[in-house]
Amino acid sequence: MKKERVLLALSGGLDTSFCAVYLSKEKQMEVHSAIVNTGGFQEEELDQIEAHAEKLGIVTHQVLDITADYY
């Protein structure tokens, strides 16, 4: 049986980290994540969030850089 997929807006904080694990372990879902950068993140912060997503077992993580569009 194919797992249901879900996209999680991941900040890397406690709440969204818990949600990622809950959806994956308890709900047996395939979790994918994204974060929207409007210019407030440094590159190393985004790298840390991506590494954290990997540790949480998130299948894919995307950074959506909309800085130019936002401003």
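## Helix H1

Helix H1 contains 13 residues and extends 17 Å from its first C-alpha to its last, close to the 18 Å expected at 1.5 Å a residue; the expected span is 1.5 Å times one less than the number of residues in the helix. Helices (H or I, at least four residues) and strands (E, at least two) are DSSP runs, numbered from the N terminus. The model is a predicted one, in which local features need pLDDT of at least 70 and side-chain atom pairs count only at pLDDT 80 or more, whereas totals for chains, interfaces and linings use all residues. Residues are numbered from 1 along each chain as its sequence is written, and side-chain values use heavy atoms, with hydrogens and water left out.

The buried residues of H1 are Thr16, Ser17, Ala20, Leu23 and Ser24. Here buried means under 20% relative accessible area, exposed means over 50%, and partly exposed lies in between (1.4 Å probe, protein chains only). Viewed down the axis of H1, the buried residues fall within an arc of 135 degrees, so they line one face of the helix; the arc is that of the directions from the helix axis to the C-beta atoms. An α-helix has 3.6 residues a turn, so residues three or four places apart point the same way. The face of H1 turned away from the buried side carries the exposed residues Leu14, Asp15, Phe18, Lys25 and Glu26. The cover over the buried residues of H1 includes S1, S2 and H2, in terms of contact, that is, heavy atoms within 4.5 Å. Just after H1, Gln28 adopts a positive phi of about 55 degrees.

## Overall architecture

The protein has three helices and three strands, and along the sequence they follow the pattern β-α-β-α-β-α. The C-alpha trace spans about 45 × 20 × 15 Å along its principal axes. Of the 71 residues in the protein, 28% are buried. Among the contacts with a separation of 6 or more, 72% are between residues 24 or more positions apart.

## Strand pairing and crossovers

Strand S1 (residues 5–9) pairs with S2 in the parallel sense over five bridges; two strands pair if DSSP finds at least two bridges between them. Within this pairing, Leu7 stands opposite His32 in S2. The chain passes from S1 through H1 to S2 in a right-handed β-α-β crossover. A crossover is right-handed if, with the strands pointing away from the viewer, the path from the first strand over the helix to the second runs clockwise.

S2 and S3 also run parallel and are joined by six bridges, with Ala34 opposite Gln62 in S3. The chain crosses from S2 through H2 to S3, and this β-α-β crossover is right-handed.

## Helix H2

Helix H2 has 13 residues and reaches 19 Å from its first C-alpha to its last, close to the 18 Å expected at 1.5 Å a residue. Leu46, Ile49 and Ala53 are the buried residues of H2. Seen down the helix axis, the buried residues of H2 fall within an arc of 60 degrees, so they line one face. These buried residues pack against S2 and strand S3 (60–65). Glu44, Gln48, Glu54 and Lys55 are exposed on the face of H2 turned away from its buried side. Just after H2, Gly57 takes a positive phi of about 90 degrees.

## Nonpolar core

The largest nonpolar core comprises 12 residues: Leu8, Leu10, Ala20, Leu23, Met29, Val31, Ile35, Leu46, Ile49, Ala53, Leu56 and Ile58. Such a core is a set of buried Ala, Val, Leu, Ile, Met, Phe, Trp, Tyr and Cys residues joined through side-chain atoms within 4.5 Å. Helix H1 (14–26), strand S2 (30–37) and helix H2 (43–55) are the elements that give two or more residues to this core. The largest share, three residues, comes from H2.

## Two buried sites: Met29 and Asn37

Met29 is found in the loop between H1 and S2 and counts as buried at 13% relative accessibility. Beyond residues up to four places away in sequence, Met29 touches Lys3, Glu4, Val6, Leu23 and Ser24. The C-alpha atoms of Met29 and Tyr71, 42 residues apart along the chain, are separated by 35 Å.

Asn37 is found in strand S2 and is buried, with a relative accessible area of 6%. Apart from neighbours within four places in sequence, Asn37 is in contact with Leu46, Val63, Leu64, Asp65, Ile66 and Thr67. The C-alpha atoms of Asn37 and Ile66 are separated by 6.1 Å, although these residues are 29 residues apart along the chain.
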